[in-house]
Amino acid sequence: MAALTPEKFKVIGYTEEDANRIDRPTISYWQDAWRRLRKNPIAMGSLVVLGILLVMVIIGPHIKGYDYVSMNIAEKNQGVSSKYWFGTDNLGRDLFSRVWVGARASLIIAIVATAIKLIIGTVYGALMAHFGGWVDEVLMRIIEVINSIPSLLLTILIMMILGNNLFALLVALSVTAWCNTARQVRGMIKQLRETEYVYAAEVLGAKPLRIILKHYVPNMLGILILDTATAIPMFIFTEAGLSFLGIGLKAPSISLGVLISMGQQNMDFYPSQLLFPCLVLCIIVMAFNLLGDGLRDALDPRLRQ
Amino acid sequence: MKYNSPCADTAGSAGEGLRKKGGTSMRKRNKVVSLLLAGCMAAGLLAGCGSSGETQVATADNATAASTSTGAADSAATDSAAPETAGEVDGQINLRAVAFGNNFDVQDMGWRWMMGECYEGLMRDVADENGDRFEYAGAESMDVSDDGLVYTFHLRKDAKWSDGQPVTAADYEYGWKRLLNPEYGYSYSFFLFNVVGAEEYYNGQGSADEIGIKAVDDYTFEVTLKVADPTFQSKLVATPLYPTRQDVAEAAGDQWGKDWTKCVYNGPFAMTNLVEDNSMTWVKNDQYWDKDNVKLNQVNWYCVAENATAATMFDNGQLDVFDAAGDYIAKYDKEVEAGNMQTMTTEYPGTMVLCYEQSGGGKSGLMKNVNIRKAISYSINREEMVSAVYGRYTAAYGFVSPAITLDGTSYRKQASETMKKEYEQYAGDADKLKALFQKGLDELGITDKPEDITITLLSQGSATENQLEREYLQQSISQNLGVKVELNTVGDYQMFANERDNKNYDIFVGGWFSDYNDPLDFLNVMKTGVYDSYGLYSNSEYDSLIDSLTGENDNAKRLEIYQKLEDLLVAQDCGVAPLYYSDKHYYYQNWVKDFYTSSFGASQELYRASVQK
Amino acid sequence: MPKYLLRRFAEMLITLFLIATATFFLLEAVPGDPLTERASKLSPTVKENLYKRYGLDKPMMERYVITMKGICKGEFGESVVYAGQTVQKLIHDRLPVSARLGIQQVLVGITIGLLLGILAAMRRGSFWDYMVIALSVLLISIPNLIFGLMLQKIFAGNLKVLPTIGWPAGKDLWFGGWEYTILPTLTGCFSYIATYARLLKTSMLDVINQDYVLTAESKGLSRGQIIRRHILRNSFIPVITQLPMSVAMCITGSFFIESIFSIPGIGQYYVTAVNNQDLSIIMGETVIIAALYIGVLFITDLLYVVVDPRISLTGKSR
């Protein structure tokens, strides 16, 4: 039985680098999240649907070449046909164009309102976390006051003061919504400041910018992306509801909410006038919801399985 | 890397319950949790069962539900004399209104279809397919002196208010004099200006005692006119000439007519409940002199803005009468042919017009110019508008409604469609319309291009029909004239009136619904100073023509002057642009009997109606 | 604890005061006043009296003080538009309507939602799980509005089995007239179903992965026992804390549902009041709804403590 002795081995080459080499590629948090999102067929499907919808709200109104406001009474209340893909409404306007213009308005309103919410919320939250102390207390109290009025109440009140226009609608929609973002950002930053790795980075001499970019931003982006995905459907809902109550946009501007309330009137005779706006609205909202779910799973490492 | 849902404080994240919360407690599984939980679950399950069980009950019941009719409004009659719940009351009718008024002051004529049923004047106007007829109501008979100046009304002695007090001549005297009291500023004061001393009193030059309105005794009421007036009798059905109880009105002070609980009623029905913007209940007035002929015990009104909702209610028997529009007319006509329902279609003395701000020219400053006004008016295709927007009504080219008669025949049959000829020269021809508009701009010395000009259309209401109407007008005008049309849309009449009085508009759609059967009632509206709510048209020639009618008893001559007036107003000056003549398409269930309408009173006249299921 | 409660109570009062102030000045910013139309034709003396009656003749700051004093005494003034209507009467007449609608929605929605959530978590990855996921996504992706219109059309219009609009009143206010409440309740409960099904499912999955569940399994406890004693109890914590929020939301009125089904609740009247510029009513309604809301949020905070021992009332750590 031959014993293994050290003499039987020889060094074939050794470097420090080799010892520290990581064979598999390093995956950053975002790459990891994206990889997991890609594996989620539902989320990817939603992403594709949203892409198609985005294209449609941009080019949709131009496909058939009908203006969304021009009336053609001779061809009012038409059903689905090759000429009018979604039919026409009771003033003879092409519903296909109108639905996409309406969806565009709804989306723009939702996205702008979300952007306002995110920007104000982040800045406000960061201020709270940064200054702390009495500033934090006062700012927090303001949030509590705003949150103590049911948001729809406040929205309607604001619409009453500012009138029925796009600006008023945006203000009214975002006036309460940013509070939640601000709270989350504040909580996140406060929490991060206490974490070991931020502390370690500070001790290791990382510059504030590096800490912000490498630690704060990625963590907050996760929250903000989720916030966006849930806020957009909510804004679309609220806008549709306000338009239904008659306190939304004013003509000739249309949104999906306006189309739905108009379609309701003709529901008995021309259901397509209600069906198509509803369908598009539901698809948009559903896509955002499913994407949001997918993002939540992808961004939360605890759910990795 | 760590990622935690930052949901430490959920207050405020109400809508976002989807977000999961991290971590749960390891050990102390609190008893409270399970207790609360059990409570919630049990209650929830109970409610769940309850409502699903009820579904079946409702399903089984619903064939009869209509007859027992447990309406919200019926049972809403809580705190008053009204029956406590539905089901106990037979003879209920369920009706729909697009909007409720908020005015119970008869002199103010805020809310005619309610006042015509809950109050009563000297006469009542009732209509069926054969047209309107006047019946004596508060009066039993009337004497007119030979010179046509003195009217003596013999009041019925059994008429009573809902609190049991008799309706006396003093109530009429108070009501009529109240109408003339300048303190209250009633819009309808001019109704009585032809009465001796009335206008003087209104202008602060005479006293109330000098007015020729007298309660001779409790049941004799005498009115003395300055000059004989053939239209006076037809005014008697209008609510401003209804009686008012002095003690009650004065007790209510400045809340008179605003708070229905402070009112007494002398009509067939009395208001017992009002849920703002929602529902309203009237019950039969037991003190009413003709109560034996009033067969309904209760009238339930629902405030439903949208036709589609109302149609659904009508379809499932929750409504007994439906004033249909659009495609519903064709649908229900078929049902009528099949014998499933009844119908009554009548003309209704109302004309909707486009009003221009003519005092200052409006927000754009252009509305003073007649060619601009005409260009706007002619760019609207009325036939198309009535079919597409309303699905009913008749395109209007004159101001006076076809429902108004003169000498027993429709005024419109005797007069031409005033502006139709000129309209047809321009209709549908965008170039000609633009040229007309440009001509107006040149006359005003305005060099702006049409596309830089913005015209403001003031409108109110959020029902689909309101939306369609304003969009149609907006599109028609801007497509034909190349101008921008901006909408100034407000929520309700109150704010509409605010905007109108502040002149924040160029044009708006207004309407006149006649109070008595004479073309003068329409034409007088546009006389300078009578109403400032129709765009402030003012033409001295027009005013003097109206004045020349005073004392004119020859109907042929009157017709001539009426036509001149209308021609001046509509065709030459384009002071208003007529859009459509109103009408009513009532469909009612087979179990409703003796349903009438009224052109100048309650549009759904129920004083004889009954429900026989 | 009493000290904390006292502090919280004082905070609530301050918040309410701020809300009332904010609302007052917001309403001041609205152009025009509600009496313009009514007063336009009146003689100057009558007009003056009318404005005096509603206190609209005084300068803004004086009115502010009067309004605030009134609120302290629980008097919000009379409706400018509907004479005789007061905030108290309004709340008395309409709050029960909104409350019943909300409570029914919450009870039905949460019950169904929780059952579905348990089903999905227990049968994870099964057909039922996917059905629940699909259903909950569907339910939150279709607005109440559309559900309401569809249900109304189908059950009232086509099948004619349920009334189109209306709401029980009088002695049926709380228990009775069920057929009127079915459609509005259904319409409103869908979002609760979706929310609670997802909430409970996620929370249960969370708990299932916890060590103590593993411990329980290794001790040889039966599956039923583990679910009942360990999983369910612990997964209900987020549900319990979510509950008051739902209740608060439902009490404040479901504007859209009340509008579709013409339900005389406070939400519907709020829209009316805003349309009418009925200042005193808007003011009173806002303050009272906010007070309710704050009260419920307060209860939420207390519940947290009761439910989750890791949170202490006095602790400053957030």
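**Exercise 1. The interface of chains A and B**

How many residues of chain A are in contact with how many residues of chain B? Determine also which elements of chain A contribute to this side.

*Solution.* Step 1: two residues are in contact if their C-beta atoms, placed from the backbone, lie within 7 Å. On this criterion, 36 residues of chain A are in contact with 29 residues of chain B. Step 2: helix 7 (166-194), helix 9 (208-245) and helix 10 (256-265) of chain A each give two or more residues to the side that touches chain B. Helices (H or I, at least four residues) and strands (E, at least two) are DSSP runs, numbered from the N terminus. Step 3: helix 7 of chain A gives the most, with 7 residues. Step 4: this side of chain A consists of 16 nonpolar, 15 polar and 5 charged residues. Here Ala, Val, Leu, Ile, Met, Phe, Trp, Tyr, Cys and Pro count as nonpolar, Asp, Glu, Lys and Arg as charged, and the others, Gly among them, as polar.

The model is predicted: local features need pLDDT of at least 70, side-chain atom pairs count only at pLDDT 80 or more, and totals for chains, interfaces and linings use all residues. Residues are numbered from 1 along each chain as its sequence is written, while chains are lettered from A and ligands numbered from 1 in the order in which they are written.

**Exercise 2. Confidence**

State the confidence of the complex, and find the elements with the lowest and highest mean pLDDT in chain A and in chain C.

*Solution.* Step 1: the predictor gives the complex an ipTM of 0.81 and a pTM of 0.80. Step 2: pLDDT is the predictor's confidence in each residue, from 0 to 100. In chain C, the lowest mean is 68, in helix 2 (residues 36-39), and the highest is 86, in helix 5 (residues 87-122). Step 4: where pLDDT is low, the predicted coordinates should not be read in detail.

**Exercise 3. Helix 3 of chain A**

Where in helix 3 of chain A does the kink lie, and which elements do the buried residues of this helix pack against?

*Solution.* Step 1: the kink, of about 45°, lies at A:Val57 in helix 3 (residues 41-63), shortly before the proline A:Pro61. The bend at a residue is the angle between axes fitted to the seven residues ending there and the seven starting there. Step 2: the buried residues of helix 3 of chain A are A:Ala43, A:Ser46, A:Leu53, A:Val57, A:Gly60 and A:Pro61. A residue is buried if 20 or more other C-beta atoms lie within 10 Å of its own, exposed if 12 or fewer, and partly exposed in between, with C-beta atoms placed from the backbone. Step 3: these buried residues pack against helix 2 (29-39), helix 4 (95-131) and helix 11 (272-299) of chain A. Step 4: just after helix 3 of chain A, A:Gly65 takes a positive phi of about 75°.

**Exercise 4. Architecture of chain C**

How many helices and strands does chain C have, and what is the helix content of its residues 133-155?

*Solution.* Step 1: chain C has 13 helices and 0 strands. Step 2: of its 318 residues, 53% are buried. Step 3: UniProt, in an unreviewed entry, places the feature "transmembrane region" at several spans of chain C, including residues 133-155 and 175-194. UniProt positions are given in the numbering used here, feature names are shortened, and annotations may be inferred rather than shown by experiment. Step 4: residues 133-155 of chain C are 91% helix and 0% strand, with end C-alpha atoms 26 Å apart.
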